[in-house]
Amino acid sequence: MAMIQMRVVFGAVLLAVCATSLEAAEPATGPGVAWSSNLKAAHGVAVRDNKPLLLVFGAEWCHFCTKLEQESLAHPTLARYINDTYVPVHLDYDKDERAREILKVERLPCTVLVTKDAEILDRFEGYLPPAELYRKLSAAKQVHLKLVEAGGTATVR
């Protein structure tokens with residue numbers, strides 16, 4: 001998909017999700033990942049802080065979503081890294097239908113890493129143990145840093 005199309009897609013996701021979401025952008029404090037569920041507000045934080053977004057789709061009924069959240073995303077070191085490096089957004093597969101459709105989420109859990117300008121840094125599905133998840137998040141952050149330095153655009157994966 002061309003970069004302009006991805007920006008249009010992400011913009012459509014923002015508009016669709018924002019129309020129905022009323023929750024605050026700043027996530028709750030405490031241990032673990034400081035999730036937001038408001039994509040528009042989270043995007044505003046990403047723009048303000050020049051951080052990429054970490055979008056994680058999950059569902060209560062999904063075994064591997066629970067496993068990802070309890071084993072990997074709850075890992076204290078990884079949670080700190082995510083909070084420091086990304087604007088984390090947890091989207092519900094069943095409730096956030098428009099975002100799910102636009103981003104073509106078919107398998108859970110699904111993680112999408114995207115810049116504030118709607119450029120896809122990476123996308124992966126399924127459970128990943130903490131070390132592997134960290135490697136993927138770190139690699140995407142390196143791509144993001146290169147983009148910021150070059151003022152360019154990402155290659156869609």
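A search of the whole structure, which is a predicted model, finds one disulfide. This disulfide joins C62 to C65, with an S to S distance of 2.5 Å. The torsion about the S-S bond of C62 and C65 is about 80 degrees, and the disulfide is therefore right-handed. Both partners lie below the 20% limit that defines a buried residue: C62 has a relative accessible area of 7%, and C65 has one of 1%. A further cysteine, C110, takes part in no disulfide; the nearest cysteine sulfur belongs to C65 and is 9.6 Å away. C110 also counts as buried, at 0% relative accessibility.

| Residue | Relative accessible area | Class |
|---|---|---|
| C62 | 7% | buried |
| C65 | 1% | buried |
| C110 | 0% | buried |
| S36 | 4% | buried |
| T85 | 10% | buried |

**Overall architecture**

The secondary structure of the protein consists of six helices and four strands. Read from the N terminus, the elements follow the order α-α-β-α-α-β-α-β-β-α. Of the 157 residues in the protein, 48% are buried. Among contacts between residues at least 6 apart in sequence, 67% connect residues at least 24 apart.

The four strands form an open sheet of mixed pairing, in the order 2-1-3-4. Strand 2 (87-92) and strand 4 stand at the edges; each has a single partner strand, so one side of each is left without a neighbour in the sheet. On average, and with direction ignored, neighbouring strands of this sheet are turned by 15 degrees against each other.

Strand 1 and strand 2 run parallel and are joined by six bridges. In that pairing, L55 has V89 of strand 2 as its bridge partner, and F57 stands opposite L91 in strand 2. Strand 1 and strand 3, by contrast, run antiparallel, with five bridges between them. Here the bridge partner of L54 is L113 in strand 3.

How many of the six residues of strand 1 are buried? Six of the six are buried, so strand 1 is largely enclosed by the rest of the structure. In a regular strand, side chains alternate between the two faces of the sheet. In strand 1 both faces are covered: L53, L55 and F57 are buried on one side, while L54, V56 and G58 are buried on the other.

Helix 6 comprises the 21 residues 130-150. The buried residues of helix 6 are L133, L137, S138, A140, K141, H144 and L147. The elements covering these buried residues include strand 1 (53-58), strand 3 (110-114) and strand 4 (120-125), as well as helix 3 (63-73) and helix 4 (76-85). Just after helix 6, G151 adopts a positive phi of about 70 degrees.

One of the buried residues of helix 6, K141, is touched by T85, which also touches K51 and P52 when residues up to four places away in sequence are not counted. T85 itself lies in helix 4. Is T85 buried or exposed? T85 counts as buried because its relative accessibility is 10%, against a cut-off of 20%. The side chain of T85 reaches the backbone oxygen of Y81 at a distance of 2.7 Å.

**The loop between helix 1 and helix 2**

S36 is located in the loop between helix 1 (3-20) and helix 2 (39-49). Although S36 is a loop residue, S36 is buried, with a relative accessible area of 4%. A polar atom of the S36 side chain lies 3.2 Å from the backbone nitrogen of N38. Which distance in space separates S36 from H90, C-alpha to C-alpha? The two residues are 6.2 Å apart in space, and 54 residues apart in sequence.

Technical notes: Residues numbered from 1 in each chain as written. Heavy atoms only, no water. Helix = DSSP H or I, 4+ residues; strand = E, 2+ residues; numbered from the N terminus. Buried < 20%, exposed > 50% of the residue type's maximum accessible area, 1.4 Å probe, protein only. Polar contact = N/O pair within 3.5 Å; in protein donor to acceptor, adjacent residues only side chain to side chain. Expected span 1.5 Å × (residues − 1). Contact = heavy atoms within 4.5 Å. Pairing = 2+ DSSP bridges. Axes fitted to C-alpha atoms, helices over the stretch in contact; angles between N-to-C directions. Disulfide = S-S within 2.5 Å.
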